[in-house]
Amino acid sequence: MPVRPLVRTAALNGYVELSRSLGVDPHALMKRVGLDTADLAVQDRWISGPAAVRLLELSASASHRDDFGLRMAELRRFSNLGPISLVVREEPDVRSALGLLIRHEHMYNELLHTRLSERNGLATLKVDLRLGETAPARQATELVVGAFTRILRGFLDTRWQPLSVWFAHGAPADSGRHRRLFGPGLEFAREFNGVVFYADDLDAPNAMADPQLRNYARQYFDAIAATPRDTSVADRVRELIEALLPTGRCSIEQVARSLGVDRRTVHRHLTHSGETFSSLLNATRMRLAEQFVANPRRSLTEISDLLGFSSLSAFSRWFREQFGCSPRDWRKDKGREQGPGRG
């Protein structure tokens with residue numbers, strides 16, 4: 001059995017109070033997913049990540065609030081991140097603070113996979129939740145994106161707004177709270193979950209930082225920081241595959257050069273984690289293909305290029321082998337399944 005990812009109980013900070021305010025019994029719902037409200041008394045306790053995700057979905061349904069995850073995000077504080085929050089507060093600028101959160105995200109949430117990229121003056125913060133199983137995660141996703149937005153606002157300005165906030169799921173019946181939190185750049189049914197803002201914001205100084213405290217905070221953090229995850233090499237290969245696919249230069253040789261090792265070393269590390277370069281390449285293409293083809297704004301030719309195929313016909317053949325139908329038919333079926341206002 002694969003190890004289920006864990007999250008700190010602080011991820012559910014305010015859950016009991018919010019549920020009660022909405023007429024929901026938190027004890028009963030937590031019991032349904034195998035959790036106990038007593039667990040929440042200790043912020044540094046770890047609980048099942050998939051159970052926490054399912055709890056938020058059940059709570060949204062029981063309370064008839066599509067914005068349950070966002071209501072949770074409004075209760076977030078820096079301290080909910082645990083010990084890493086002490087160091088983040090003392091980083092000199094937004095770039096280094098976000099970099100620290102992303103590099104050490106496994107210290108507070110093993111479900112979370114965050115990537116920060118810059119291009120043409122824009123910064124994009126993408127968020128994925130990896131549950132290890134197929135399950136709805138709308139509320140948890142909105143909680144994470146909302147929390148990152150509040151973190152950025154805490155560094156920059158209480159009136160700061162991102163250029164755009166994207167969600168892969170469909171729009172709720174009422175998106176009022178979403179727009180109040182994220183601003184006018186909110187879009188649903190897009191290709192990823194995340195936040196887009198000016199890259200210049202990354203260089204903004206951290207007003208909370210005290211240079212004299214930074215060294216002390218770093219020493220404390222280094223003493224308690226967890227060791228890197230065993231799957232770090234596979235994770236880095238996945239990230240490089242996703243970055244290299246649109247360039248047409250996605251090969252194990254190129255990945256090895258980017259990692260500063262030879263291809264045999266990459267093979268050896270992937271074998272230890274039960275993967276191969278081909279399996280990671282195909283899995284990444286499948287994941288991205290589902291996102292891209294579901295978006296009618298993308299032409300199939302453009303998608304073929306983004307996934308690193310030499311031609312549209314090569315992409316179409318591969319897609320049919322993986323999904324059992326043509327990309328055009330898959331897009332039509334997906335559109336009928338989702339319908340208006342559904343995620």
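**A note on the sheet, its helices and the cores**

1. Let's start with the open sheet: five strands in the order 3-4-7-5-6, with mixed pairing (strands are DSSP runs of E, at least two residues, numbered from the N terminus; two strands pair if DSSP finds at least two bridges between them). Strand 3 (112–119) and strand 6 (186–187) are the edge strands, each pairing on one side only.

2. A word on the source: this is a predicted model, where local features need pLDDT of at least 70, side-chain atom pairs count only at pLDDT 80 or more, and totals for chains, interfaces and linings use all residues. Residues are numbered from 1 along each chain as its sequence is written, and side-chain values use heavy atoms, leaving out hydrogens and water.

3. Strand 3 and strand 4 (residues 122–129) run antiparallel and are joined by eight bridges. Within strand 4, L129 is the bridge partner of L112.

4. Next, the core. The largest nonpolar core has 65 residues, and L12, Y15, L101, F148 and F197 touch the most other members (such a core is a set of buried Ala, Val, Leu, Ile, Met, Phe, Trp, Tyr and Cys residues joined through side-chain atoms within 4.5 Å; buried means under 20% relative accessible area, with a 1.4 Å probe and protein chains only). Helix 7 (residues 138–156) gives the largest share of this core, eight residues (helices are DSSP runs of H or I, at least four residues).

5. Finally, have a look at helix 15, where A314, F315, W318, F319 and F323 are buried. The face turned away from that buried side carries R317 and E321, which are exposed (over 50% relative accessible area).
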